[in-house]
Amino acid sequence: MSDLDEGRLLADWHTLLARHAAVWNALERELQQRHSIGVSEFEALEKLAACGRGKCRAAELAGAVPLSQSAASRLTARLERAGLVQRALCEMDRRGIFVLLTDRGRRLYEEARPTHRSVLARTLHQD
């Protein structure tokens, strides 16, 4: 790789990181101010809302947010304490855990979704 190619590659990488940080921070700020949730909480609620019947396996939910397995587990515990989700054992495989969106969680997701989309439109289409 030439020095010029490497320089372009690094410039593209740093541009991507800066854009990601700007969008993430704008989402975090507005979701917290308007709905008292963070981006990770919103992404988890959105994943659950998109899953069949508002539930999915805990491992599947962990894959929907950019967190380690243990951080995703702590996120799920926070959502559960807030009454936004419930955990349930899989009836067919007692080792499997499902996470279910509660009515309260669905309402919060529906209230926060327009804020999320507005911030995305504003920050991603600012060029």
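**Ground rules**

I number residues from 1 along each chain as its sequence is written. Because this is a predicted model, I ask for pLDDT of at least 70 for local features and 80 or more for side-chain atom pairs, while totals for chains, interfaces and linings use all residues, and side-chain values use heavy atoms, with hydrogens and water left out.

**Confidence**

I began with pLDDT, the predictor's confidence in each residue, from 0 to 100. The protein averages 90, and 94% of the residues score at least 70. Confidence is lowest in H3, at a mean of 81, and highest in H5, at 96.

**Helix H1**

I take helices (H or I, at least four residues) and strands (E, at least two) as DSSP runs, numbered from the N terminus. H1 has 33 residues and reaches 47 Å from its first C-alpha to its last, close to the 48 Å expected; that expected span is 1.5 Å times one less than the number of residues. At the start of H1, I found a side-chain oxygen of Ser2 within 3.0 Å of the backbone nitrogen of Asp5. Just after the helix, Ser36 takes a positive phi of about 60 degrees.

In H1 they are Val23, Ala26, Leu27, Glu30, Leu31 and His35. Their cover includes H2 and H5.

**Helix H4**

Ala71, Ala72, Leu75, Thr76, Ala77 and Leu79 are the buried residues of H4. H2, H3, strand E2 (85-89) and E3 are among the parts that cover them. Just after H4, Gly83 has a positive phi of about 80 degrees.

**The nonpolar core**

Here I looked up sets of buried Ala, Val, Leu, Ile, Met, Phe, Trp, Tyr and Cys residues joined through side-chain atoms within 4.5 Å. The largest such core has 26 residues, and Leu31, Ile37, Leu45 and Leu48 touch the most other members. At least two residues each come from H1 (3-35), H2 (39-50), H3 (58-64), H4 (69-81), E3 (97-101) and H5 (103-124). H2 gives the most, with 5 residues.

What does Leu48 touch? Leaving aside residues up to four places away in sequence, I listed Gly54, Lys55, Cys56, Leu61, Val85, Val99 and Leu101, with contact meaning heavy atoms within 4.5 Å.

**Salt bridges**

I counted 8 salt bridges, each a side-chain nitrogen of Lys or Arg within 4 Å of a carboxyl oxygen of Asp or Glu. Arg78 and Glu41 meet at 3.1 Å, N to O. Arg78 lies in H4 and Glu41 in H2, so this pair ties together parts 37 residues apart in sequence. Arg78 is partly exposed at 38%, whereas Glu41 is buried at 15%.

Glu80 pairs with Arg87, with the closest N and O atoms 3.0 Å apart. Glu80 is partly exposed at 32%, and Arg87 is partly exposed at 36%.

Arg113 and Glu110 meet at 2.9 Å. Both lie in H5, 3 residues apart, about one turn of the helix. Finally, salt bridges that share partners join Glu30, Arg34 and Arg122 into one network.

Terms used:
Buried < 20%, exposed > 50% of the residue type's maximum accessible area, 1.4 Å probe, protein only. Polar contact = N/O pair within 3.5 Å; in protein donor to acceptor, adjacent residues only side chain to side chain.
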